[in-house]
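These are my notes from an afternoon of looking things up in one structure. I wrote each entry as I went.

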Amino acid sequence: MSLPERPLLRECLGLAPNGTDRQYVVWDRLRLTNNAVIVTDVELECLKLFDGRRNLHDIPRDLMPVVGGFLVPVESIEGLARRMDRAGFLDSPVRKPIWVQHYQADPVLLRRQIDRLFTGPGGSGLPGEPRPDGSLRAALVPHIDYARGGATYTWGFKELYERTDASLFVIIGTSHRSPKRFTLTRKHFETPFGIAPTDRGYIDRLVAHYGPGLFDDEINAHLPEHSIELEVVFLQYLYAGKRPFRIVPLVVGSFQDTVADRRPPHERRDIGRMVAALRATERDTPEPICYVISGDLAHIGPEFEDPDRLSDAFLKHSREQDEAILRATEKADPAGYFGVIAAENNERRICGLPPTYLTLQALAPGRGKVLAYDQYVQPDRNLSVSFASVTFYQ
């Protein structure tokens with residue numbers, strides 16, 4: 001396992017005594033992992049020097065005045081760094097897979113798992129030979145777990161694979177954790193299939209057009225978030241060994257304030273600025289871009305704070321409202337799409353609203369095509385989530 005030359009502790013770590021004066025427990029306050037590392041008082045002083053500036057071989061010298069003048073062997077410091085890295089406690093240029101408990105961790109088994117999603121009940125069938133014509137601009141796909149929604153994913157990704165020759169995928173996903181409107185990360189994304197690199201040049205251009213603030217809550221917005229990771233797995237499945245690709249991970253927070261005052265979201269200064277920034281960055285990018293919108297539809301039932309278990313009548317009503325939303329997406333009409341959701345005050349919690357509206361407004365595609373739709377209902381009627389695959393063309 002390679003270590004960063006200048007180790008840096010991740011944010012949001014906690015520290016607690018381990019029952020003695022000379023040992024402590026380091027743990028993850030974000031609960032991204034249940035790992036914990038027990039350190040001695042000397043190792044704790046060493047961790048304070050994991051600041052991203054000091055070389056591993058410099059730390060023993062800087063540690064000497066703090067620990068009474070004796071020299072801690074560099075091998076001991078490297079060992080501590082490895083323990084912290086294995087626990088996921090070192091900051092890294094690579095985001096580790098967080099949602100791997102929802103899919104196979106072995107790459108061979110994961111490929112078989114996704115094969116079955118394509119070929120099993122409700123799946124699209126395996127992708128055929130690519131026949132790109134430059135018309136595909138974006139695909140809306142779910143981000144619900146594969147067990148409940150994986151077959152619906154396959155329709156959007158099959159069309160994407162067959163219809164675009166892009167090697168740059170801007171993934172615009174729902175942000176479930178952060179109060180910030182927009183958050184980027186420059187971290188590459190790791191899954192069992194390997195590492196999907198981010199296009200840092202595109203990110204730099206987007207930041208230049210948008211302005212500051214896009215990394216203000218990066219840890220909270222991206223490390224625990226599944227809406228990018230689950231799409232990266234599909235992209236790697238499709239393109240591994242065929243052509244390299246890069247991603248741009250952008251998550252989008254709530255638009256509920258725009259729903260409350262019935263104002264078109266792009267009239268908000270920050271949303272309008274992001275629409276303009278996406279357009280300008282595409283103009284500055286000398287290659288095709290394909291956008292992946294990661295968002296689900298309705299979230300209803302007592303588990304989402306609705307008062308009653310889900311009746312057949314309410315499920316039917318929810319499906320009809322989803323169909324109205326999807327008719328607006330087929331027209332590639334962001335105003336109509338937003339209008340359906342705002343008219344019901346987003347009471348069904350359409351989590352795909354922010355990334356879908358943003359992308360439609362920024363790209364202004366000519367038309368959409370609904371490929372698949374499903375409504376998962378938990379057997380006890382305490383929860384239902386609906387989702388769709390939709391593709392958009394010039």
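**Entry 1: helix H5**

I started with helix H5, residues 146-163, and found a kink of about 35° centred on Thr152. The model I am reading is a predicted one. Next I asked how many of the 18 residues of H5 are buried. The count is 15, so H5 is largely enclosed by the rest of the structure.

**Entry 2: H4 against H5**

I noted first how such a pair is described: by the angle between the two helix axes and the distance between the axes. Helix H4 covers residues 107-119 and packs against H5 at an angle of about 70°, with the axes 8 Å apart. Angles of 65 to 115 degrees count as roughly perpendicular, so H4 and H5 are roughly perpendicular to each other. I then listed the residues that make the contact. From H4 they are Gln113, Leu117 and Phe118. From H5 they are Tyr146, Gly150, Ala151, Thr154, Phe157 and Lys158.

**Entry 3: Phe50**

I looked up Phe50 in the loop between helix H1 (41-47) and helix H2 (59-63). Is Phe50 buried or exposed? Its relative accessibility is 3%, and buried means under 20%, so Phe50 counts as buried. I wrote down what Phe50 touches, leaving out residues up to four places away in sequence: Pro7, Leu8, Leu9, Ile59, Ile77, Leu80, Ala81 and Leu90. For one of these, Ala81, I also looked up the C-alpha separation from Phe50, which is 8.7 Å for two residues 31 apart along the chain.

**Entry 4: His299**

I found His299 in strand S12, residues 299-300. With a relative accessible area of 12%, His299 is buried. A polar atom of its side chain lies 3.0 Å from the backbone oxygen of Leu297. Not counting residues up to four places away in sequence, His299 touches Phe304, Arg348, Arg349, Cys351, Ser384 and Val385.

I kept a general remark here: in soluble globular proteins, nonpolar side chains tend to be buried together. The largest nonpolar core in this model has 49 residues, and Phe182, Tyr202, Met274 and Leu358 have the most contacts inside it. Helix H13, residues 353-363, gives the largest share of this core, six residues. I checked the contacts of Leu358, again without residues up to four places away in sequence, and listed Ile172, Phe182, Leu250, Val252, Ile271, Met274, Val275 and Leu278. Apart from this core lies another, of 39 residues, including Tyr153, Phe234, Leu238 and Phe245.

Methods: Residues are numbered from 1 along each chain as its sequence is written. This is a predicted model: local features need pLDDT of at least 70, side-chain atom pairs count only at pLDDT 80 or more; totals for chains, interfaces and linings use all residues. Side-chain values use heavy atoms; hydrogens and water are left out. The bend at a residue is the angle between axes fitted to the seven residues ending there and the seven starting there. Helices (H or I, at least four residues) and strands (E, at least two) are DSSP runs, numbered from the N terminus. Buried means under 20% relative accessible area, exposed over 50%, partly exposed in between (1.4 Å probe, protein chains only). Contact means heavy atoms within 4.5 Å. A polar contact is a pair of N or O atoms within 3.5 Å; within protein, one must be able to donate a hydrogen and the other to accept it, and residues adjacent in sequence count only if both atoms are side-chain atoms. A nonpolar core is a set of buried Ala, Val, Leu, Ile, Met, Phe, Trp, Tyr and Cys residues joined through side-chain atoms within 4.5 Å. Axes are lines fitted to C-alpha atoms, for helices over the stretch in contact, and angles run from 0 to 180 degrees between N-to-C directions. Angles under 35 degrees count as roughly parallel, over 145 as roughly antiparallel, 65 to 115 as roughly perpendicular and the rest as oblique.
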